[in-house]
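Subject: Structure handover

Hello,

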Amino acid sequence: AGRVVLHLDLDCFYAQVEMILHPEFREKPLGVQQKSIVVTCNYEARKLGVKKMMSVKDAKEKCPELILVNGEDLTPYRDMSYKVTELLGEFCPLVERLGLDENFVDITEIVEKRLKQLQQSGSSRVCVSGHIYNNQTINWQDTTHIRLAVGSQIAKEFREAVAARLGLTGCAGVATNKLLSKLVSGTFKPNQQTLLLPESCQDLLHSLESIQKVPGIGFRTAQHLEMLGVRNLSDLQGFPAAELQKELGVSAAQRIQKLSYGEDDSPVTPSGPPQSFSDEDSFKKCSSEVEVKEKIEELLPNLLDRISKDGRQPHTIRLSIRQFSSSQTWGRRESRQCPLPPHLLQKLGQASSNIVPPLVDLLMKLFRKMIDVQLPFHLTLLSVCFSNLKDLPSSKKGSIGFYLKQMAPAAGSGKRFFCTFLPQEEDVSQGEGTASWHQNCNSPGTTKTRKLSEEKQNYVKKAAIPDFSFHLFPEAIDQEVFKELPEDIQKEILCGKSK
């Protein structure tokens, strides 16, 4: 049996979050401003002519009563985004975040269970929730149609749960794969959902304005295809496979031709913790080293705060820039990255240390690898990214070190208790040494975007712990904390004391 995949796209997400934080803005035209652009707005504003990505000046002309809020701090949107993903995860384990306002959910197993329940109850009543693309009639003799219809009921339940628990509305698409569910989800807006039956797949694809509307076909690939005379999906479907492979490479050519037919076998991959932390700033012009340094200094505090809250340690830093181009709308990004040197790794997460100046110096070195500062330059974007995140065993909840205290000795005792049985942390200075770091930092070459890998969380179950007499406790270990430890760890601590 084929898959049933749901795509949930939250309505005007930033604006909805602002209306939850500020209920007084409800029912009023509201726009979220970043720099001189209205990045999104609620539907009250849209009814009065305001559009996404409209300049503030034009938006105010269209709607003088428009309320604008500053949306440059993404923290509240990011927090709400994770709440949505966590909520969906309560119903189904296969949830994949896409950006801040979208999620894929593979509901195949839930559909199967629902169908079995219907069969066991002797009921054959299945109805469609929401719209059916192209108003196509359901064939109740077709098992694929029935499964998708059940999927539409589940999509409605998910949307209702998100609205009831978090106060957010969204559109949903239900189809047989991720690509098609995403493409169909926005057919009816806002707060509606659409079911796509396989027979209407080609109609949906041919309704797209351009090949770049297909997720997975980016700006550069679309440009390349247009140079080959490929301007829509019909052109792409009919383009000779051998010629396309010659132009784009076998793998890329096969992938995009499959996409052009609506074929997508990529799994819904559960989203673990973020694998990188990045922030960027766009502007009309930045043309001096002083300006670059100032903008980097503005980006770092928020990033360092996010890293501190996450608890893991990044081992790689990357700087990306975008230079102005008169021939391209957005210009081309270029990046350089290098390992974080040991002396900076040690400072990360220490509230007392001022790590910003040395990080700025490091990022400026990367900047000079991309830009000859002796010549005029014109930047329109700067981005800083910390990646290659690794757990810190000594501070990780669930590790022995998390539960133990190091306490000052009693006056005159002249001794201190240390838990020497703990596994020693690897000396980072012996790993990525300073010499190798300088070599990496100074080596040319642009970075490649890596697909986010996923991490699974491990959960520690508490064991039944026997009641130990107080006199057995090693010095400087909290008795209540000790009782919460697994029995084998307790024994290890006590053995260490008796040696």
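The notes below take the cysteines and then the salt bridges.

This is a predicted model, in which local features need pLDDT of at least 70 and side-chain atom pairs count only at pLDDT 80 or more, while totals for chains, interfaces and linings use all residues. Residues are numbered from 1 along each chain as its sequence is written, and side-chain values use heavy atoms, with hydrogens and water left out.

Cysteines

A disulfide is taken here as a pair of cysteine sulfur atoms within 2.5 Å. By this rule there are zero disulfides. Cysteine 12 is in no disulfide: the nearest cysteine sulfur belongs to cysteine 41 and is 7.5 Å away. For cysteine 63 the closest cysteine sulfur is also in cysteine 41, at 9.0 Å, which is too far for a bond.

On accessibility, buried means under 20% relative accessible area, exposed over 50%, and partly exposed in between (1.4 Å probe, protein chains only). Cysteine 12 is buried, with a relative accessible area of 10%. Cysteine 63 is buried as well, at 1%.

Salt bridges

Side chains of opposite charge can pair when their charged atoms come close. The rule used for a salt bridge is a side-chain nitrogen of Lys or Arg within 4 Å of a carboxyl oxygen of Asp or Glu. The count by this rule is 12 salt bridges. Three of them are described here, one by one.

Glutamate 112 and arginine 147 form a salt bridge with an N to O distance of 2.0 Å. This pair links distant parts of the chain, with glutamate 112 in helix H5 (residues 108-121) and arginine 147 in helix H6 (residues 143-166), 35 residues apart. Helices are DSSP runs (H or I, at least four residues), numbered from the N terminus. Glutamate 112 is partly exposed at 29% relative accessibility, whereas arginine 147 is buried at 7%.

Aspartate 305 pairs with lysine 309 in a salt bridge, their closest N and O atoms lying 3.3 Å apart. Both residues are in helix H13 (residues 289-310), four residues apart, or about one turn of the helix. Aspartate 305 is partly exposed at 34%, and lysine 309 is exposed at 64%.

The side chains of arginine 312 and aspartate 310 also meet in a salt bridge, at 2.7 Å from N to O. Arginine 312 is buried, with 7% relative accessible area, while aspartate 310 is partly exposed, with 26%.

Regards

Key:
Helices (H or I, at least four residues) and strands (E, at least two) are DSSP runs, numbered from the N terminus.
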